[in-house]
Amino acid sequence: MDTAKEVEIQKEYMEKVRKINSGKELKYMILTMGCQLNENDSEKISGMIEKMGYTKTNDSKQADLFVFNTCCVRENAEDKLFGKLGELKKIKEKNGTIIAIGGCMMQEKHITDKIKASYPYTDILFGTHTMHKFPENLYKTIIEHKKREDIIDIDGKTYEGLPIKRENNLQASVTIMNGCNNFCSYCIVPYVRGRERSRMPKDIIKEVECLAKKGYKEIMLLGQNVNSYLRVERENNVKFEEYQGVNSFATLLYAINKIEGIERIRFISPHPKDFTTDVIEAIAKCDKICKMIHLPLQSGSTEVLRVMNRRYTKEQYLDLVEKMKNKIPNLKLSTDIIVGFPGETEEDFEDTLDVVRKVNYEQVYMFIYSRRKGTPGDKMENQIPEEIKHKRFERLKKLAESQIEVNNKEYIGKIEKVLVEGKSKTNDKMLTGRTQSNKVVIFEGNEELIGKLISIKIVSQHMWYLKGENQNA
Ligand code: SAH
Ligand code: SF4
Ligand code: F3S
């Protein structure tokens, strides 16, 4: 069956559930546990749920439908899911709440087995490839009063035209590709998200045009490996329709840069090995692309990188950074780093610190290595003791934070373009926004400025935010 037909069928199910629910004033809650792709999926799940007559609540006691959108990239997510499922049991006994669990963790058989054995009151289990069928699964649960498990192990297709309920009315995430082919040896994502597949250029461009018309100012392009957009299709001679000349990540950036109304473009995550010259040039040439690029390092040691299957060396990474800094004026970088990967020696870790010192990141996202069942990393014998992992993590954190402080000081006295996001959560009289380098800026101002790009003079720095003054006031 083609995907458009499948989407039509789900729309019919949405209508059926809406009729059953009409007049009941039902509520739903969704708990999003993962990355930005996972958040974007939650917006799609919420879109379908709202079409079925539920309104959102943040109080689990009031929810008639509770959905978990899970992540499994690190271990702590599992404890969180099982803890919350335990809490929900009592709520379900009282209110008859329908409990559904979806997302990446559901693609792991040992997890779904555990849920079925220990949390049998769960109603619906759905995976990353069957998310679009949520309306059908919910309908059948309501009508048949039976538990449903809808998880497939083969790669999902790309479904266009399903509803979406966005969390924010200024910044929108747009998934451009799904899955990952890289198989970094620590990572579970390729096993739970399947192989790389890109959305068609026309669908992405139309979506962004539509967002621009609705008043969105900032677009975040999402994928596990955004800079290999359409690569698999090109390499395997899969026929796809070019639209506005788009046939690669660089050409997609140019096309989106032209869309009127959009002021800022960001993207995550690119892979260093796929950072081709055309992409660097596109970033330099497109005025709307934020000159703040996330460039995951993972480790600074060539040997650890080899075992991680990252396919670049310490030197190649540093050369890439040099090349990017030369071609893109005022470029700022952020990164992801894992400490304590199996076999990481003190010298290896020193190499990581060395790269951090040399690159001088604007932001470092640090993770302690977490063993993931089914990945090559989990089978490696030279696992690093927890104590050493934690000590290294603290050392890296100290270095990264000292860099942030120095970098923040450089903002003082400068005029920055800030996209005003809303009122500050901690102080009603202040507004909050972000620089193109993604720094939070707090300043005094009138609510009418929300949604605008304005010039702010930075006056002081505080670890996680900057304070400024509105230059237009
Ligand atoms: N595709 C993206 C990120 C995917 S997961 C990329 O390649 O950059 C986000 C981050 O989680 C990774 O960059 C990595 O730093 C971290 N991560 C992934 N698996 C992990 C593991 N097993 N233990 C600790 N951190 C991990
Ligand atoms: Fe995981 Fe590597 Fe793919 Fe990123 S590129 S999702 S870290 S396997
Ligand atoms: Fe987690 Fe899946 Fe994202 S494992 S990090 S939610 S792709």
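## Close-up views of the predicted model

View 1. Just after helix 5, His 145 adopts a positive phi of about 50°. The model is predicted: local features require pLDDT of at least 70, side-chain atom pairs count only at pLDDT 80 or more, and totals for chains, interfaces and linings use all residues. Residues are numbered from 1 along each chain as its sequence is written, chains are lettered from A and ligands numbered from 1 in the order in which they are written, and side-chain values use heavy atoms, with hydrogens and water left out. Helix 5 spans residues 134–144 and is mostly covered, nine of its 11 residues being buried. Here helices (H or I, at least four residues) and strands (E, at least two) are DSSP runs numbered from the N terminus. Buried denotes under 20% relative accessible area, exposed over 50%, and partly exposed in between (1.4 Å probe, protein chains only). The buried residues of helix 5 are Phe 134, Pro 135, Glu 136, Asn 137, Leu 138, Tyr 139, Lys 140, Thr 141 and Ile 142. Their cover includes helix 1 (3–21), helix 2 (36–51), strand 3 (65–70), strand 4 (98–103), strand 5 (124–126) and strand 6 (148–150), where contact means heavy atoms within 4.5 Å.

**View 2. The shell around ligand 1.** Ligand 1 is surrounded by 15 residues, of which the closest are Arg 74, Gln 224, Gln 298, Asp 336 and Ser 370; a residue is counted as near a molecule or strand if one of its heavy atoms lies within 4 Å of it. Oxygen atoms of ligand 1 lie 2.9 Å from a polar side-chain atom of Arg 74 and 2.7 Å from a polar side-chain atom of Gln 298. A polar backbone atom of Ser 370 is 2.8 Å from a nitrogen atom of the ligand. Of the 540 Å² of accessible area that ligand 1 has on its own, the protein covers 90% (Shrake-Rupley method with a 1.4 Å probe; for residues, only the protein chains shown count as cover). At least two residues of this shell come from each of strand 13 (332–339) and strand 14 (363–368). The shell comprises seven nonpolar, four polar and four charged residues. In this classification, Ala, Val, Leu, Ile, Met, Phe, Trp, Tyr, Cys and Pro are nonpolar, Asp, Glu, Lys and Arg are charged, and the others, Gly among them, are polar.

**View 3. The shells around ligands 2 and 3.** The residues around ligand 2 are Cys 180, Asn 182, Phe 183, Cys 184, Tyr 186, Cys 187, Val 189, Pro 190, Gln 224, His 271 and Arg 310. By class, seven of them are nonpolar, three polar and one charged. Around ligand 3 lie Gly 34, Cys 35, Asn 38, Cys 71, Cys 72, Val 73, Cys 104, Arg 193 and Gln 224. The shell of ligand 3 divides into five nonpolar, three polar and one charged.

**View 4. Salt bridges.** The whole structure holds 33 salt bridges, each defined as a side-chain nitrogen of Lys or Arg within 4 Å of a carboxyl oxygen of Asp or Glu. Arg 266 and Glu 218 form one of 2.9 Å, N to O. This pair links distant parts of the chain, with Arg 266 in strand 11 (residues 264–268) and Glu 218 in strand 10 (residues 218–222), 48 residues apart. Arg 266 is buried at 8% relative accessible area, as is Glu 218 at 6%. In another salt bridge, the closest N and O atoms of Glu 350 and Arg 395 are 3.0 Å apart. Glu 350 belongs to helix 13 (residues 346–359) and Arg 395 to helix 15 (residues 386–409), so the pair ties together parts 45 residues apart in sequence. Glu 350 is partly exposed, with a relative accessible area of 34%, and Arg 395 is also partly exposed at 34%. A network of salt bridges links Glu 43, Glu 160, Arg 166, Arg 199 and Glu 207.

View 5. The side chains of Glu 87 and Lys 84 meet at 3.3 Å, N to O. Both residues lie in helix 3 (residues 76–95), three residues apart, about one turn of the helix. An α-helix has 3.6 residues a turn, so residues three or four places apart point the same way. Glu 87 is partly exposed, with a relative accessible area of 47%.

**View 6. The loop holding Asn 438.** Asn 438 is located in the loop between strand 16 (430–434) and strand 17 (440–444). The relative accessible area of Asn 438 is 33%, partly exposed. Its side chain makes a polar contact of 3.3 Å with the side chain of Arg 434. A polar contact is a pair of N or O atoms within 3.5 Å; within protein, one must be able to donate a hydrogen and the other to accept it, and residues adjacent in sequence count only if both atoms are side-chain atoms.
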